[in-house]
Amino acid sequence: MNRAMGNSLDICRIAFIVILIFTVNLLAGCFGSKTYPNTLDKNLHVHTVTDSGSWLSRVRAAVDIHRVGEDCALDYEGTVQLADAKIDIGIPPHRLSYLVFVFGSSSFLANRSGTITYETLLKARPNYHYEVAVRYRDDMYHVGIRETLPNQSTGREIEPLELSACRSSSGRK
């Protein structure tokens with residue numbers, strides 16, 4: 001009789017610990033960043049597709065937006081969670097922004113988590129739109145940015161620029 005009660009208490013303790021860990025991780029994901037104010041005209045159109053490859057794991061995508069100062073210092077402005085398939089964001093034209101696309105994955109049973117980032121400088125031009133394809137599938141990611149004028153289907157691919165590109169261009173001024 002005591003052995004049966006001991007086993008059920010152990011199971012309850014394990015269940016409590018699992019629920020506690022899950023709750024802490026969930027709250028950390030919700031409160032870990034400042035929301036980007038997103039009040040400008042929407043010129044960055046993000047199309048997101050995420051698939052962890054298993055129902056026991058989860059993938060989250062977000063973009064951190066930073067203002068780039070004249071001295072190339074970064075000023076974190078906020079994060080936009082890419083939870084919907086399409087999200088429109090307003091990025092200020094005429095200035096450098098540093099975009100950090102963050103892919104966070106976690107596996108429930110394997111007790112595994114990880115983060116992958118894609119970072120790029122972007123100087124949005126007035127009257128242009130930026131179509132961003134964000135994909136994560138089976139531990140592989142892709143981010144592609146295309147610049148277009150409104151009402152045009154063609155445009156140009158924007159190559160990723162490292163933050164050091166800001167420093168090299170500001171040194172020439």
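**Entry 1: a hairpin to begin with**

I started at the turn where E7 and E8 form a hairpin with two residues between them. Asp138 sits in that turn and has a positive phi of about 50°. My strands and helices are DSSP runs, numbered from the N terminus (helices H or I, at least four residues; strands E, at least two). Before going on, I noted that this is a predicted model, where local features need pLDDT of at least 70 and side-chain atom pairs count only at pLDDT 80 or more, while totals for chains, interfaces and linings use all residues. Residues are numbered from 1 along each chain as its sequence is written, and side-chain values use heavy atoms, with hydrogens and water left out.

I call two strands paired if DSSP finds at least two bridges between them. Ala133 has Gly144 as its bridge partner in E8.

**Entry 2: the five-stranded sheet**

Which strands does the hairpin belong with? I get an open sheet of five strands in the order E4-E1-E7-E8-E9, with mixed pairing. Strand E4 (86-89) and strand E9 (155-158) stand at its edges with a single partner strand each, so one side of each is left without a neighbour in the sheet. Neighbouring strands here are turned by 20° against each other on average, direction ignored. For such angles I use axes that are lines fitted to C-alpha atoms (for helices over the stretch in contact), with angles running from 0 to 180 degrees between N-to-C directions.

I then went through the pairings. E1 and E7 run parallel and are joined by eight bridges. Strand E8 (residues 140-148) runs antiparallel to E9, with four bridges between them. Glu147 stands opposite Arg156 in E9.

Next I looked along strand E7 (residues 129-137), where the side chains alternate. Tyr130, Val132, Val134 and Tyr136 point to one face and are buried. Buried is under 20% relative accessible area, exposed is over 50% and partly exposed is in between (1.4 Å probe, protein chains only).

**Entry 3: His45**

I picked His45, whose place is in strand E1 (residues 44-51). Is His45 buried or exposed? At 10% relative accessibility, His45 counts as buried. In E7 its bridge partner is Glu131. The side chain of His45 also makes a polar contact with the side chain of His129, at 2.8 Å. A polar contact is a pair of N or O atoms within 3.5 Å; within protein, one must be able to donate a hydrogen and the other to accept it, and residues adjacent in sequence count only if both atoms are side-chain atoms.

I also listed what His45 touches, leaving aside its neighbours within four places in sequence: Lys86, Ile87, Asp88, His129, Tyr130, Glu131 and Val132 are in contact with it. Contact here means heavy atoms within 4.5 Å.

**Entry 4: the four-stranded sheet**

There is an open sheet of four strands as well, in the order E3-E2-E5-E6, with antiparallel pairing. Strand E3 (74-81) and strand E6 (112-123) are at the edges, each with a single partner strand, so one side of each has no neighbour in the sheet. I counted 12 bridges between strand E5 (residues 96-107) and E6. Leu96 has Lys123 as its bridge partner in E6.

**Entry 5: the disulfide**

How many disulfides does a search of the whole structure find? One. The disulfide joins Cys72 to Cys166, with S to S at 2.0 Å (my cut-off is a pair of cysteine sulfur atoms within 2.5 Å). Cys72 lies in the loop between strand E2 (57-68) and E3, and Cys166 in helix H2 (residues 164-170), so the pair ties together parts that are 94 residues apart in sequence. The torsion about the S-S bond is about -90°, so the disulfide is left-handed. Both Cys72 and Cys166 are buried.

**Entry 6: ring pairs**

I found three aromatic pairs in the structure. Rings of Phe, Tyr and Trp (its six-membered ring) pair if their centres lie within 6.5 Å; planes under 30 degrees apart count as stacked, over 60 as edge-to-face and the rest as tilted. Phe101 and Tyr118 form a tilted pair, 6.2 Å centre to centre with 55° between the planes. Both of these residues are buried.

Phe103 and Tyr136 are stacked, at 5.7 Å centre to centre and 25° between the planes. Phe103 lies in strand E5 and Tyr136 in strand E7, so this pair ties together parts that are 33 residues apart in sequence. Phe103 and Tyr136 are buried. Ring pairs link Phe103, Tyr136 and Tyr141 into a cluster.
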